[in-house]
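Please consider the structure shown below. A set of questions and answers then examines some of its features.

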2 protein chains.
Amino acid sequence: MTVLTLGPAGTVSHDLATRLYGDDIELLPTIRSIIARVASGSGRGLVPIENSETGGVGETLQGLMEFEVSITAEAYMPVRHHLAARYDPSRLSVVYAHPQTHEQCSIFLDNLGVEVVHTSSNAASAVAMQRNENAGAIISEMAARIYSLPIAVRDVQNRRDNTTRFVEISPLPRDLAGCTKCSLLVDPEIDRVGLLADILGVFARRGINLTRIESRPSRRGIGKYIFFIDLEISEGWLEAEEELRGMTNLRELGCYPRLEVPGV
Amino acid sequence: MTVLTLGPAGTVSHDLATRLYGDDIELLPTIRSIIARVASGSGRGLVPIENSETGGVGETLQGLMEFEVSITAEAYMPVRHHLAARYDPSRLSVVYAHPQTHEQCSIFLDNLGVEVVHTSSNAASAVAMQRNENAGAIISEMAARIYSLPIAVRDVQNRRDNTTRFVEISPLPRDLAGCTKCSLLVDPEIDRVGLLADILGVFARRGINLTRIESRPSRRGIGKYIFFIDLEISEGWLEAEEELRGMTNLRELGCYPRLEVPGV
C-alpha cells in the first residue's frame, strides 16, 4: 500500500519513509493533503507531529482534528542539518534556511555571521543555492545528494539529539497487539475552573503515565482549547478512557507501537 | 521609550504597535532579536504569542524561556486577510501567501483553485506580487497601502473572529495595579506520573481559572516538556504560586492588564 508523505524530494519525511517503507512512496506538497488523502482511503500516510526543539506541528494536529484517520504507528527520526557551501563558508554572501531550520541551527548561524534568507522548505533552500553561486544552504544529507550540493560543515544543529517524532496514519485503527501508546483528543467544549485538572486526575489516580499533553486552538474563538493527550498503555487505561467519556468529548486517535528506524 | 516589533512594514505587529504606541516604533526582522534587545534594556517589545487558528507562536515562547524579560501587557488584534489582485482573481497564475496565512484562508484559496506559492512573510507576499504582473497575494490592508497593491476580495480568512493575542514585554515587571492576569513558566525538570495533574490541582482547589496551558519542548530531549500557564488573578492566587514553588521550578513571567486597541 502506497505511503504518502511530505515532499519535495529530500525532506526528512521522505528520508524516513524510504527507510521504513522502501520505494512505494508518493510525495505530496502539504501535510493537509496527505491526511485528506488517507481519510479518503487511498493509502497510509507518514507525517511529523512534534520536534524536540520546536514542539508540535500545527498542520498535523489540525489535520487529525478535522479528518477521520487513525494513528497506527510512531517513529523517532534524528534531525541532522548540514551547511552546504561551494567554498569557505565565512565568505558566503547569504545562507538559505527554512525558518524552523534556522531556529534549530541558531548557534552555528549566529557565529557564522552571514546573512540568513528564509525559504519555504529545506528543499527550497537547496534549489535557491543551486541558482546562486555565492550562497550556502542548511540542508539534509539526502537533499545534498539529490540536488548535488557539497556539504562544507556537518551537524550544525544546536543539539545532537534534535529529533522529530512522526506518526503513521491509516484510514482505520489497527488491532491492539504490540501497541504501547494511545493518543487521545479531548474537546471540553464547555470550560470550567479545574476541568483540565479533573481530566488529568483520571489518569493520575490510576498511575497511568501521560507522555505528552498539548493544547491547541479549538477554532471556536481565542482562549478556547482542545487537548491532545498521549498515554502509555498500562493497567486501567481502558477504564480511565471510559471515565473520561463521561466527563467530556473524547476521541481515540489510535493506539500504536513504535517502529524502529533502520540505519540511524 | 521605543517599542520594538516585528517588521517589515505592514505586518500585523506593525499595525497593532502603531495603534497602541504611535510613531516611536522600531521594526526588527525576528521575534528573537526583539526579545534579546528588550532583555538588554533597550526598549519595550510587542510580540505575537498565540493565534485563534494556529495556536502558540513558538519563537515567542522560546524567547520568553531564554531571556529575562517580563510580560507587562496583553492586547487582542483581529486578523483580517485580503486578496490583492490586479484583475479577475480566478484568472491569476499564482497567489503568494505565508504558510500560516494560507492555513487561515484555506477555504477561500481551495475554492479559488489558483496555485498558492508560500513566502517567508506577508510582506514578502506583497513584494513578490509587485514583481509579478500575473500574481495575487494574501495580505493585510496596511500592507496593501504600503506596497500600493489593489485589494480585490476582502476578508478571505476562514473565520471572522480570527484573532492574534500579543504581549508587551519589558526589561522589568510592572506593579500589580490594574493587572488581571499572570503568566507562569513551570519547568518540572524531573517528570513523574500525575505531576501535571497535581500542578493544576493547586489552582483548581482554590477556584482559580486558568485561561491557557501550553506545553513546549524543554530542549532536554524529545518527550520532556515545560508548561506555560496563564491564570486570572483572583483570591488565593499568590498562595497558589507559593505552594507551586514548593513542588516545581516556577518563574513568574509577569502580571499585566489588557490594553484596548484603538480603531478595531
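Predicted model: local features only at pLDDT ≥ 70, side-chain atom pairs only at ≥ 80, totals over all residues.

Residues are numbered from 1 along each chain as its sequence is written, chains are lettered from A and ligands numbered from 1 in the order in which they are written, and side-chain values use heavy atoms, with hydrogens and water left out.

Q: Are α2(A) and α3(A) roughly parallel or roughly antiparallel to each other?
A: Helices and strands are DSSP runs numbered from the N terminus (H or I with at least four residues for helices, E with at least two for strands). The axes of α2 (residues 31–39) and α3 (residues 58–66) of chain A come within 9 Å and cross at roughly 25°; axes are lines fitted to C-alpha atoms, for helices over the stretch in contact, and angles run from 0 to 180 degrees between N-to-C directions. Angles under 35 degrees count as roughly parallel, over 145 as roughly antiparallel, 65 to 115 as roughly perpendicular and the rest as oblique. Therefore α2(A) and α3(A) are roughly parallel.

Q: Which residues of α8(B) and α9(B) make the contact between these helices?
A: The axes of α8(B) and α9 (residues 237–245) of chain B come within 9 Å and cross at roughly 160°, so the two helices are roughly antiparallel. Contact means heavy atoms within 4.5 Å. On α8(B) the residues are B:Ile199, B:Val202 and B:Phe203, and on α9(B) they are B:Ala240, B:Glu243 and B:Leu244.

Q: Where does A:Pro8 lie, the residue whose peptide bond from A:Gly7 is cis?
A: Most peptide bonds are trans. The bond from A:Gly7 to A:Pro8 is cis, with omega near 0°, and the bond from B:Gly7 to B:Pro8 is cis, with omega near 0°. B:Pro8 lies in the loop between β1 (3–6) and α1 (12–21) of chain B. A:Pro8 lies in the loop of chain A between β1 (3–6) and α1 (12–21).

Q: What is phi of A:Ser148?
A: Most residues other than glycine have a negative phi. A:Ser148 is found in the chain A loop between α7 (141–146) and β10 (151–153). This residue other than glycine has a positive phi, near 55°.

Q: Which element gives the most to the lining of the largest cavity?
A: On a 1 Å grid over the protein atoms alone, a cavity is a set of points where a 1.4 Å probe fits but cannot get out, a pocket is an open set with protein on both sides within 12 Å along at least five of seven lines, and lining residues have an atom within 4 Å of a point. The search finds five cavities of 30 Å³ or more, and the largest has a volume of about 60 Å³, where grid points are joined across faces, edges and corners and a volume is the space filled by probe spheres set on the points. With four residues, the element that gives the most to this lining is β13(B).

Q: Which residues are closest to the centre of the second largest pocket?
A: The second largest pocket has a volume of about 470 Å³. Of its 25 lining residues, the closest to the centre are A:Asp191, A:Tyr225, A:Phe227, B:Leu210 and B:Thr211.
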